[in-house]
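Work through the exercises below with the coordinates open. Each task is followed by a solution in steps.

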Amino acid sequence: MGTTKHRGPQKLPGKPNPKLWVSAVPFGLGKLKPKHIRDTMRTIWNNRDNLPYATRILTQGVCDGCALGVSGLYDQTLSGPHICTTRLNVLRLNTMSAIKPKRLHADIDELRKLSSAELRELGRIPYPLIRRPGERSFSRLTWDEALDTIAAKFRELPSEQTAFYLTARGITNESYYAAAKTARFLGTNHIDNASRICHSPSKTALKRSLGIGASSCSYSDWIGTDVLVFWGSVAANNQPVSTKYMYAAKRKGTKIIVINPYREPAMDGYWIPSIAESALFGTKLADDFYQVNIGGDIALMHGVMKIWFEMEQKEQGSAIDHTFVQEHVSGYEELRAKVNSQQWEELERSSGLTRERIQELAELLAKAKSAVFVWSMGLTQHRHATDNISQVANLALLRGFIGREFCGVMPIRGHSGVQSAGEMGAEPSALPGGDFEERNVARLEQLWGFPVPRWPGDIVGVSLENALLPITHPRKLNLYYLSGGNFLETMPDPEFVHRALEALEVRVHQDIILNTSTLLDAKEAVIVLPAMTRYEQPGGGTSTSTERMVYFSPEIEGPRIEEARAEWDIYADLAARVKPGLKRLIGFADANAIREEIARAAPEYDGIQRLKQKGDVFQRGGAWLCEGGVCPTPDGKGRLIPVDIPMRGVSGEGQFYVTTRRGKQFNSMIFGEKDAFNGANRAAVLLNPEDAKRYSVADGEEIVLHNTHGTLHGRAHYADILQGNLAVNFPEGNVLFPMGVYESPAGIPEYNIAVTLEKEQYYLHRKDRKYSKKGSLENNE
């Protein structure tokens, strides 16, 4: 934990810099780009029935979009107002009225005709609901009836047959903590969250490499660093306000490098609406793109280090910070031996880059006095993801890019509620204040006054698998309590997920809106509970940003869904009904009482109890973790970890590796059919034109991707993506990925896989086609 405090918001330069302009034509006329003014006008129109309330949310509340941590219209990185289309899109979830009874209680098959986006447009869930087997529509319940029914089921079942899940949509630290405590109070460790599905490898790898579980630096370190590397992260698309930080960094002379299979247009150039110069002429963001194979990042990093060790043979200190390594790093010789054993032929084949290109990146980083490495799901959603992140940490440790200004490693978060989920204990292997070390468990048992179950809990994927276990199995999941989320549109193999959700005896959906998973059947009952948004919660709430800033978001005056309740209050009430004799151990007087308890349960959050008013904030751990190179590890040193190059598993004609990407959406919530940056629609399969030529596939032609797990029907969309690689939209592409394949040790599902590409006409008429010797597909008629 560092002692240096964050330096606060910086000012942007006043004079424009035409060298950074994308185009001299104002507003990017004639170019494919987001229409920020149009989108803003649409937001105003959509919120026209509650404009004063919408304005108060934007100007007083902490953003419930990405985890940059914008409070009101301001943050701790740059002075001046910040707003983005992602936040504007999400805004309507907070201001819309309740679903009309006629629609809410319609025949279930009529509701099932609607997509999640259409269900979202119906409005908020107004009151508790239930639907039993054979019933054609939801019926209304009182809160007492709903919670008593759920409580009775908890009492009936062994704790191993119950589970909790929390999504990230605006959920506060208070709700995460209450859920984590409730789960243990009820005797289960089966509790998981959306953060772990996205960034569990980041936490796992950073823990083993550096002893930390979050970003080591702050966003302000981007501004002035020599090199800013985005690894498998499209921040301009998923965290749009970050483009202001990139703009500020460019004005300070920072080089921005993007490592990604697809040359994402949003990272090439962006029109930043809240900076006049950029809004008019755009800003060139990336200085260079290194287009790697999907899964080729470890090989690239091996190549970079191999160049460094070659440079060291010629001149000591030309690439490695030996002073830092000797004082603050262990495992140097083991890593060097592993890197030197790598063959260039394999490094080039796996990475998809030539030795010359890898050397360019290696020399750039070797000459840099500072660098920040930023990554997202392009590195984490692999079956070798933990090794991906440890390899990033290896680079940072060898160069001493840890624990000082303008340096660090940052897993950037795409949702405002995810950074703290594990820190609050809403994970199967985590508790507030630490993991399941006996000392931490005993400490919490003394604080809470009840025993904490010690048996290992299941991650969400395993919980879904357990729903399909035989009825006599002791770990068959029978009750799943879901706070938000839609596994049908976030997890691999939607058909499997559909079966698993309907195999549950009781399924509880605690949410603000309906989605497609809410409408599925259950063996005994589907119960729906209306939750408050973060802006409605009495006493306000807190959230933790990517850079570990803990912000207070106040309760905001405005219209209310009459029967909606704060999520932390629902958990406490439920727990008290399950074990009324122990009610005194689980209830909270108010939100501030939860914050007081969090400060005791998770000592690193000491200070959260003092957050009570709009604008209150503190940074957990200071500006830099591992400050001065001292890591919170047993020996105080960072650990270099040798890792192997993963096998890609692509062979044969028509074989490609495919990954998913996000476009015109927020997590699984889709806000448009057309990507504003590349013009692709939801059915698009991003395909290199040379690959397309090889298989005689025209731009826009119907094609099929298939493997043993599933089939995706789409349309070819020519794009600047590395040959041999494809990209499809999330969640549409999830049909190609299997359930039951998890990265070890972090347990993240597989979201990158080998597929066969075919023209749709050949796929549908397989007997009438053949592969030519040249590899092109030919009709055999």
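**Exercise 1.** Find how the lining of the largest pocket divides by class, and which residues lie closest to its centre.

Solution. Step 1: the lining of the largest pocket has nine nonpolar, 10 polar and 12 charged residues. Here Ala, Val, Leu, Ile, Met, Phe, Trp, Tyr, Cys and Pro count as nonpolar, Asp, Glu, Lys and Arg as charged, and the others, Gly among them, as polar. The model is predicted: local features need pLDDT of at least 70 and side-chain atom pairs pLDDT 80 or more, while totals for chains, interfaces and linings use all residues. Residues are numbered from 1 along each chain as its sequence is written, and side-chain values use heavy atoms, without hydrogens and water.

Step 2: the volume of the largest pocket is about 670 Å³. Of its 31 lining residues, K207, G213, G433, G434 and E604 are the closest to the centre. On a 1 Å grid over the protein atoms alone, a pocket is an open set of points with protein on both sides within 12 Å along at least five of seven lines, a cavity is a set where a 1.4 Å probe fits but cannot get out, and lining residues have an atom within 4 Å of a point. Points are joined across faces, edges and corners, and a volume is the space filled by probe spheres set on them.

Step 3: α9 (194-210) provides the largest share of this lining, six residues. Both α9 and α21 (438-448) supply at least two. Helices (H or I, at least four residues) and strands (E, at least two) are DSSP runs, numbered from the N terminus.

**Exercise 2.** Describe the lining of the largest cavity.

Solution. Step 1: nine cavities of 30 Å³ or more are counted, and the largest holds about 690 Å³ of space.

Step 2: its lining has 43 residues, with T167, H415, F666, N667 and S668 nearest the centre. By class there are 17 nonpolar, 20 polar and six charged residues.

Step 3: α9 gives the most to the lining of the largest cavity, with five residues. Elements that each supply at least two include α3 (85-95) and β21 (665-666).

**Exercise 3.** For the salt bridges R336 with E333 and D458 with R475, state the closest N and O distance and place each pair along the chain.

Solution. Step 1: a salt bridge is a side-chain nitrogen of Lys or Arg within 4 Å of a carboxyl oxygen of Asp or Glu, and the whole structure has 46.

Step 2: the closest N and O atoms of R336 and E333 are 2.7 Å apart. The two residues are three apart in helix α16 (residues 332-340), so about one helical turn separates them. R336 is partly exposed at 30% relative accessibility, and E333 is partly exposed at 45%. Buried means under 20% relative accessible area, exposed over 50%, and partly exposed in between (1.4 Å probe, protein chains only).

Step 3: for D458 and R475 the closest N and O atoms are 3.1 Å apart. D458 lies in the loop between α21 and α22 (460-466) and R475 in the loop between α22 and β13 (479-483), so the pair ties together parts 17 residues apart in sequence. D458 is buried, with a relative accessible area of 11%, whereas R475 is partly exposed at 25%.
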